[in-house]
Amino acid sequence: MIRATLLLALWPGIAAALELPVPEGAVLTAETRRDAEDYALPTGPAQGGPPPVAPIMGRVKTRAWRIAPDAPTAAGLIAPLRAALETAGFEILLDCAARACGGFDFRFGTEVLPPPAMHVDLGNFRFLSARRDTPQGPEAVGALASRTGDTGHLQLITVTPEGAAPASLSPTAPSLLATRSGEELATALSREGHAVLEGVDFAPGAATLGPRDSSALPALAAWLEANPDRRVVLVGHTDMTGALDANIALSRRRAEAVRERLLRDHGLNRDRIDAQGAGWLAPRASNATKAGRAANRRVEVVVSGG
């Protein structure tokens, strides 16, 4: 497969730019940057808790791509990255697949962008971490790949020493805002049977929706109208703040708020939409960061049948 390249500029005069291969046609779904911060680089598998990590300080850049259709396997996405890193003199610290990484504990114990920017199948992912020392400080790469159906997902976290040239992406790769269109929501419900209602956001401890609909709500209403034999369950979620019982109650109120908005504004049959709460039992991002906690305060829709 012909590949685009991610270019990581090194310190001047020491070595050539590092080229990390990204599949041709990969769509950039998210890109964030943090200056003078630590990245907790996983160095081993999780064993009954978060994985062991090595904090690496520098300019932290996180990017995610979606590759479809006919994406390589998770291992196929990681293999060329490993080869490029080894050629550039990086030490490979960890290269593991889902269960060997520690499964659930690893996935939710390491830094991952929330969906729809990055999707991780708990039974089908691979992770690679690597590090090398430079005169300006350590460089590090954490690569996470997964595949759902025929769609691949790739996340790269790179740490560059302060003062070094920032990492840059080859301009051949297209970009995409990390939002889900109505068509994408309908596809996810039909193929996967569940989806996060993106844009339905809640403040900490709150279950009140704003006056405006998220675009996900009319998209869900349209899908229900097009599939009159299907029912759905709205499942509310919280961040990991407070007791579980209280959070389950709060998460159910969030799901009920979305249900009432759908019934009020879209004229749907009440019997086709149930509302439940899961509290903080099913996070989609780390609760260790503010952004992760915000991502966990959400409502998902699950297709329950006829």
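1. Pro116 lies in the loop that runs between helix H3 (103-107) and strand E6 (125-134). The bond joining Pro115 to Pro116 is a cis peptide, its omega being near 5°. Helices here are DSSP runs of H or I with at least four residues, strands are runs of E with at least two, and both are numbered from the N terminus.

2. The model is a predicted one, in which local features need pLDDT of at least 70 and side-chain atom pairs count only at pLDDT 80 or more, while totals for chains, interfaces and linings use all residues. Residues are numbered from 1 along each chain as its sequence is written, and side-chain values use heavy atoms, with hydrogens and water left out.

3. Ala36 belongs to strand E3. Its phi is near 50°, a positive value in a residue other than glycine.

4. Strand E3 (27-42) also contributes to the second largest pocket, giving the most to the lining, with six residues. The volume of this pocket is about 540 Å³. A pocket is an open set of points on a 1 Å grid over the protein atoms alone, where a 1.4 Å probe fits, with protein on both sides within 12 Å along at least five of seven lines; lining residues have an atom within 4 Å of a point. The volume is the space filled by probe spheres set on the points, which are joined across faces, edges and corners.

5. Of the 22 lining residues, Arg34, Glu111, Val112, Thr289 and Ala291 are the closest to the centre of the second largest pocket. Besides E3, the elements giving two or more residues are strand E4 (53-67), strand E8 (151-160) and helix H7 (290-296). The lining divides into ten nonpolar, eight polar and four charged residues. Here Ala, Val, Leu, Ile, Met, Phe, Trp, Tyr, Cys and Pro count as nonpolar, Asp, Glu, Lys and Arg as charged, and the others, Gly among them, as polar.

6. Helix H5 (residues 216-226) packs against helix H6 (residues 244-266) at about 70°, with the axes 10 Å apart. Axes are lines fitted to C-alpha atoms over the stretch in contact, and angles run from 0 to 180 degrees between N-to-C directions. H5 and H6 are therefore roughly perpendicular, a term for angles of 65 to 115 degrees.

Terms used. Angles under 35 degrees count as roughly parallel, over 145 as roughly antiparallel, 65 to 115 as roughly perpendicular and the rest as oblique.
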